[in-house]
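The following text walks through a structure, from its sheet to its core and then its surface.

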Amino acid sequence: LQARRAITIGDRCLLGSTIIMDNDFHHVDPKRRFDKSEIPTKPVTIGDNVWLCGQSAVLKGVTIGSNSVVGFRAVVAQDVPANVVVAGNPAKIVKEI
């Protein structure tokens with residue numbers, strides 16, 4: 001968990017070797033790369049009973065709905081509804097539960 005603002009994780013979640021981050025850590029602009037002020041942050045919310053499989057990544061501002069599964073090595077850059085399986089880079093819905 002790598003947070004500057006907030007990461008909220010619901011009840012009964014399974015967390016593999018996932019990375020959850022609520023910020024970009026560095027600016028993309030090379031002139032500001034080492035400027036730690038005003039780094040973009042947005043809170044992350046993980047619902048109840050979510051399974052984040054190994055080596056997955058959840059990026060800033062994402063909400064993952066309850067009961068959903070994030071597949072192995074998936075990169076989640078957009079919100080995930082409840083009761084689905086997402087996989088890939090970027091993560092996309094591959095199955096409804």
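The model is predicted: local features need pLDDT of at least 70, side-chain atom pairs count only at pLDDT 80 or more, and totals for chains, interfaces and linings use all residues. Residues are numbered from 1 along each chain as its sequence is written, and side-chain values use heavy atoms, with hydrogens and water left out.

An open sheet is formed by three strands in the order E3-E6-E9, with parallel pairing. Strand E3 (19–20) and strand E9 (75–76) are at the edges with a single partner strand each, so one side of each has no neighbour in the sheet. Strands are DSSP runs (E, at least two residues) numbered from the N terminus, and two of them pair if DSSP finds at least two bridges between them. Strand E6 (residues 57–58) pairs with E9 over two bridges, and Val58 stands opposite Val76 in E9.

Val58 and Val76 also belong to the largest nonpolar core, which has 14 residues; together with Ile46, Leu52, Ile64 and Val70 they touch the most other members. Strand E4 (44–46) and strand E10 (84–87) each supply at least two residues of this core. Such a core is a set of buried Ala, Val, Leu, Ile, Met, Phe, Trp, Tyr and Cys residues joined through side-chain atoms within 4.5 Å; buried means under 20% relative accessible area, exposed over 50%, and partly exposed in between (1.4 Å probe, protein chains only). Beyond its neighbours within four places in sequence, Ile64 is in contact (heavy atoms within 4.5 Å) with residues including Val50, Val58, Val76 and Val80.

Leu1, in the segment before strand E1 (7–9), counts as exposed because its relative accessibility is 67%.

Definitions and conventions: Helix = DSSP H or I, 4+ residues; strand = E, 2+ residues; numbered from the N terminus.
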